Amino acid sequence: MIRIGNRIPELTLEAFHKDEFVKINLNDYEGKWLVLLFYPADFTFVCPTEIEEAADNYKEFTKLDAEVMTVSTDTAFAHKAWHDNSKAISKVKFPMLADPTGKMCREFGTYIKDEGLSLRTTAIINPDQELVAYDIHDNSIGRNTQEILRKLQAAKFVYDNDGAIVCPASWKPGDKTLKPGIDLVGKI
């Protein structure tokens, strides 16, 4: 299973994207930020609310040089049907990855073996293809896109500063940062 700091594995999946079925290799996105939104299944209840929210904020992700992708164990055919029949999902402009074998979900530790579904998980991958943020929780709890964007902004800030400056709790662009060093020990 991939862990924070690990390089993502070579994975190619079928996807529904821009009204077509395409093959997507995650490693083709080297040099770009990736935000992977794992979710349990198409045609469910919480999933369209958060995927719609991500779609509504897609321009904000692209301004940060990030590509968003959703991932479930559904097929690309199911993604197309959902996209064609759901007002919320019809807004999606980013790739919807199909992982019917659960291989990618297993690699990222999101696979629920007894159900053949994924746990609701967010993974942020830096331009070097390393996992830098990972949030996983029960499928009954929807994500907050603004918090995902905030984490992406913080990850980018730290990356752009080679890790020499870090972001404290609830950091947002423009807020005070920290420069780790011996002079800060015990003073925070």
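**Salt bridges and burial**

Biologist: Why does Lys91 count as partly exposed?
Modeller: In this predicted model, Lys91 has 33% relative accessibility. Buried means under 20% and exposed means over 50%. The value for Lys91 lies in between, so Lys91 counts as partly exposed.

Biologist: What makes Glu52 and Lys91 a salt bridge?
Modeller: Their closest N and O atoms are 2.7 Å apart. The cut-off is within 4 Å, so the pair qualifies. The pair links distant parts of the chain. Glu52 sits in helix α1, Lys91 in the loop between α3 and β5, 39 residues apart.

Biologist: Why is Glu50 called buried?
Modeller: Glu50 has a relative accessible area of 5%. Buried means under 20%, so Glu50 is buried. Arg143, at 12% relative accessibility, counts as buried by that rule.

Biologist: How do you know that Arg143 forms a salt bridge with Glu50?
Modeller: The closest N and O atoms of Arg143 and Glu50 are 2.7 Å apart. The limit is within 4 Å, so this is a salt bridge. Arg143 lies in the loop between β9 and α5 and Glu50 in helix α1, so the pair ties together parts that are 93 residues apart in sequence.

Biologist: What makes Glu60 and Lys63 a salt bridge?
Modeller: The closest N and O atoms of Glu60 and Lys63 are 3.2 Å apart. That is within 4 Å, so the pair counts. Both residues are in helix α2, three residues apart, separated by about one helical turn.

Biologist: Why does Lys63 count as exposed?
Modeller: Lys63 has 63% relative accessibility. Exposed means over 50%, so Lys63 is exposed. Glu60, at 37%, counts as partly exposed.

How values were computed: Residues numbered from 1 in each chain as written. Predicted model: local features only at pLDDT ≥ 70, side-chain atom pairs only at ≥ 80, totals over all residues. Heavy atoms only, no water. Salt bridge = Lys/Arg side-chain N within 4 Å of Asp/Glu carboxyl O. Helix = DSSP H or I, 4+ residues; strand = E, 2+ residues; numbered from the N terminus. Buried < 20%, exposed > 50% of the residue type's maximum accessible area, 1.4 Å probe, protein only.
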